[in-house]
Amino acid sequence: MSIGYSTDHEHQWSEVDHYVEQKLILIDPVMQQVRDNNYQADLPPFDVSPVQGQFLQLLIRMSGARRILEIGTLGGYSTIWMAHALPTDGRIVTLELDQHHANTARANFELAGVTPQIELRQGDALEQLARLEEEQIEPFDFIFIDADKPNNPHYLKWALHFSRRGTVIFSDNVIREGEIINRHSSDPRIKGVRTFYDMLADEPRITATAIQTLGSKGYDGFMIGIVNEDVQTPVTDLE
């Protein structure tokens with residue numbers, strides 16, 4: 001499928017992001033060091049941009065969130081952005097599959113001084129989510145889904161399960177350079193995101209929309225929704 005943009009456009013998107021970052025994002029040498037640490041640790045370049053990080057902060061502040069669930073930590077860059085938006089008694093539970101990524105994230109949390117507010121659980125996310133259920137953890141105020149896309153449908157089920165009325169659910173990378181409209185795609189990431197949309201379309205407990213984005217991270221987008229009621233998904237439906 002033709003995406004319909006050129007490398008010149010991609011360059012312009014990055015330049016605009018850089019302009020906005022210079023104008024509106026406070027320069028934080030610690031956050032820059034975190035990004036450098038992730039690069040030096042050879043982590044995949046999947047961190048949110050500074051502009052996107054501040055957007056997450058604004059969403060958290062506007063929603064008054066105190067309890068956050070993050071599915072997909074990577075090196076903790078987005079986690080730190082969100083932690084900086086929390087009140088002193090706020091807390092983040094973040095899930096990461098890869099041990100090396102988790103170790104890098106823990107070092108970054110120490111560097112940024114946010115370790116007391118973050119509980120990083122390393123291991124398969126679906127297994128970790130089931131353990132949270134066993135522990136009867138309280139509902140979250142804000143849930144950020146940013147992990148492997150084939151499992152997005154499962155993550156959405158769990159996100160709804162751990163929600164209450166008013167919980168904000170945010171999922172990144174749900175446009176995939178426009179490939180989500182390709183119903184013939186064999187890419188499991190595209191299939192996962194398309195199923196994710198199908199579930200949202202049929203789910204009355206959440207009101208959601210998706211926004212396309214252009215910038216230093218290319219052409220993609222995010223889903224944002226708000227949970228309408230307190231009813232939780234039966235655990236038997238989460239498998």
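## Helix packing and sheet order in a predicted model

The crossing of helices α6 and α7 is left-handed. This is a predicted model, and α6 covers residues 125-134 while α7 covers residues 152-161. Angles under 35 degrees count as roughly parallel, so α6 is roughly parallel to α7. On the α6 side the contact is made by Ala 125, Leu 126, Leu 129, Ala 130 and Glu 133, which meet His 154, Tyr 155, Trp 158 and His 161 of α7. Sorted by class, this contact has six nonpolar, two polar and one charged residues.

The crossing of α2 and α5 is right-handed. Val 30, Gln 33, Val 34, Asn 37 and Asn 38 of α2 make the contact with Thr 104, Asn 108, Leu 111 and Ala 112 of α5. By class, the contact of α2 with α5 has four nonpolar, five polar and no charged residues.

The two pairs are listed below.

The protein has eight helices and seven strands. Seven strands form an open sheet with mixed pairing, in the order β3-β2-β1-β4-β5-β7-β6. At its edges are β3 (118-122) and β6 (206-215), each of which pairs on one side only. Direction ignored, neighbouring strands of this sheet are turned by 15 degrees against each other on average. Within the sheet, β1 (residues 67-71) pairs with β2 (residues 91-96) in the parallel sense over five bridges. In this pairing, Glu 70 is opposite Thr 94 of β2.

Helix α3 (residues 50-63) packs on the sheet and touches β1, β4 (142-145), β5 (168-172) and β7 (218-227). The direction of α3 makes about 155 degrees with that of β4. Helix α8 (residues 188-201) lies across β5, β6 and β7 and runs at about 145 degrees to β6.

As for overall dimensions, the C-alpha trace spans about 50 × 45 × 35 Å along its principal axes. The radius of gyration is 17 Å, which agrees with the value near 18 Å that a compact globule of 239 residues would have.

Note on methods. Residues numbered from 1 in each chain as written. Predicted model: local features only at pLDDT ≥ 70, side-chain atom pairs only at ≥ 80, totals over all residues. Heavy atoms only, no water. Pairing = 2+ DSSP bridges. Helix = DSSP H or I, 4+ residues; strand = E, 2+ residues; numbered from the N terminus. Axes fitted to C-alpha atoms, helices over the stretch in contact; angles between N-to-C directions. Contact = heavy atoms within 4.5 Å. Left-handed = near helix turned anticlockwise from the far one by under 90°. Nonpolar A, V, L, I, M, F, W, Y, C, P; charged D, E, K, R; others polar. Rg over C-alpha atoms; globule rule 2.2 N^0.38 Å. Parallel < 35°, antiparallel > 145°, perpendicular 65-115°, else oblique.
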